[in-house]
Amino acid sequence: MMPPNVSLVKYDTPILVTKNMDKKTPKSKTLKGVQQTTDCSAVPCPPPKGKTCATADPKSSQATEEVLNSILPPREWTENGQLWIQHVSSTPATRLDVVNLQEELDRRLQQRQARETGICPVRRELYNQVFDELIRQVTINCAERGLLLLRVRDEIRMTIAAYQTLYESSVAFGMRKALQAEQGRADMERVIANLEQDKRDLERQVHELKTKCEHIEKRAAEQRQLEEKKHQDEIQFLKRNNQQLKAQLDGIMNPKK
């Protein structure tokens with residue numbers, strides 16, 4: 001029987017708790033209660049100072065298993081109306097296990113096509129599983145180091161969650177600004193269109209006024225030419241008249257004998 005989600009964390013063989021979900025044994029209730037416990041006081045204390053972390057003492061082994069169950073709670077799932085539970089393994093890891101873990105990590109990164117750089121949920125999930133497995137291995141040898149690594153893991157996850165919240169809020173802020181800019185852009189485009197229409201109207205008025213001015217100047221030039229011609233004709237008439245009068249005056253003043 002395999003769990004629904006395969007993890008890089010090493011677990012023991014799944015245990016059948018109940019064959020029917022309607023009829024649970026007292027043992028299954030106890031196991032389920034251990035998994036759902038979230039109170040910090042339920043976390044067992046590490047061995048006292050001055051004692052060796054890794055020991056073959058049954059009590060110490062049981063305490064280590066309790067610490068492991070508090071750090072990595074057992075997994076439960078149902079299949080065909082049967083409740084299964086799987087505890088994290090308390091078997092110490094060897095150097096070969098660490099090498100196999102690294103190879104399995106590389107294989108799954110390639111299999112699930114995780115991105116090598118940038119934000120990648122797949123890569124983050126796999127590395128979280130590897131970190132949990134390392135915590136399990138360290139906790140078996142020394143509970144204090146395991147609990148300290150647990151604090152480090154929780155701090156890292158809290159920091160990542162804070163950055164994720166900040167990222168989501170910044171994305172939402174950017175979207176709002178983009179929508180505002182888009183709305184402002186539409187308003188600005190309307191203003192620009194109105195100004196361009198006003199510009200075309202003014203240019204048409206300028207063209208009409210220029211045409212009218214040219215016509216006025218043309219008529220004024222023609223009128224000026226007519227007046228100049230009339231003035232010249234009057235001058236010529238007056239000159240001829242003056243010459244005639246002068247001739248008559250000379251004839252009167254100097255009569256011929």
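1. Start in the sheet. Leu-16 has Trp-84 as its bridge partner in S3. Strands here are DSSP runs of E with at least two residues, helices are runs of H or I with at least four, and both are numbered from the N terminus. Two strands count as paired if DSSP finds at least two bridges between them.

2. Basis of the note. This is a predicted model, in which local features need pLDDT of at least 70, side-chain atom pairs count only at pLDDT 80 or more, and totals for chains, interfaces and linings use all residues. Residues are numbered from 1 along each chain as its sequence is written, and side-chain values use heavy atoms, with hydrogens and water left out.

3. Overall make-up. The protein chain holds five helices and three strands. Read from the N terminus, the order is β-α-α-β-β-α-α-α. Of its 257 residues, 19% count as buried. Buried means under 20% relative accessible area, exposed means over 50%, and partly exposed lies in between, with a 1.4 Å probe and protein chains only. Take contacts between residues at least 6 apart in sequence: 68% of them join residues at least 24 apart. A contact requires heavy atoms within 4.5 Å.

4. Sheet order. The three strands form an open sheet in the order S1-S3-S2, with antiparallel pairing. S1 (15–18) and S2 (75–79) are the edge strands, each pairing on one side only. Neighbouring strands are turned by 35° against each other on average, direction ignored.

5. Pairing in detail. S1 and S3 (residues 82–86) are joined by three bridges in the antiparallel sense. S2 and S3 are also antiparallel, over five bridges. Leu-83 of S3 is the bridge partner of Thr-18. Leu-83 is also the bridge partner of Thr-78. Arg-75 stands opposite Gln-86 in S3. As background, strands of a sheet pair through backbone hydrogen bonds, either parallel or antiparallel.

6. Hairpin and burial of S3. S2 and S3 make a hairpin with two residues between them. In that turn, Asn-80 has a positive phi of about 55°. Four of the five residues of S3 are buried, so the strand is largely enclosed by the rest of the structure.

7. Helix H3. H3 covers residues 95–111, 17 residues in total. Its first and last C-alpha atoms are 24 Å apart, close to the 24 Å expected at 1.5 Å a residue. The expected span is 1.5 Å times one less than the number of residues. Just after H3, Gln-113 takes a positive phi of about 55°.

8. Which residues of H3 are buried? They are Leu-101, Leu-105, Arg-108 and Leu-109. Seen down the axis of H3, these buried residues fall within an arc of 100°, so they line one face of the helix. The arc is that of the directions from the helix axis to the C-beta atoms. An α-helix has 3.6 residues a turn, so residues three or four places apart point the same way. On the other side of H3, Arg-95, Leu-96, Gln-110 and Gln-111 are exposed. Helix H4 (121–141) is part of what covers the buried residues of H3.

9. Leu-105 in particular. Leu-105 lies in helix H3. Its relative accessible area is 8%, so Leu-105 is buried. Leaving out residues up to four places away in sequence, Leu-105 touches Leu-8, Leu-126, Tyr-127 and Val-130.

10. Helix H4. The 21 residues of H4 should span 30 Å at 1.5 Å a residue, and its end C-alpha atoms are 31 Å apart, which agrees. The buried residues of H4 include Leu-126, Val-130, Ile-135 and Ile-140.

11. Helix H5. H5 runs over residues 143–253, 111 residues in all. It should span 165 Å at 1.5 Å a residue; its end C-alpha atoms are 155 Å apart, which agrees. Ala-143, Gly-146, Leu-147, Leu-150 and Arg-153 are buried in H5.

12. Cysteines. The structure holds zero disulfides, a disulfide being a pair of cysteine sulfur atoms within 2.5 Å. Is Cys-142 buried or exposed? Cys-142 is buried, at a relative accessible area of 5%. Cys-213 has 36% relative accessibility, so it counts as partly exposed.

Key:
Axes are lines fitted to C-alpha atoms, for helices over the stretch in contact, and angles run from 0 to 180 degrees between N-to-C directions.
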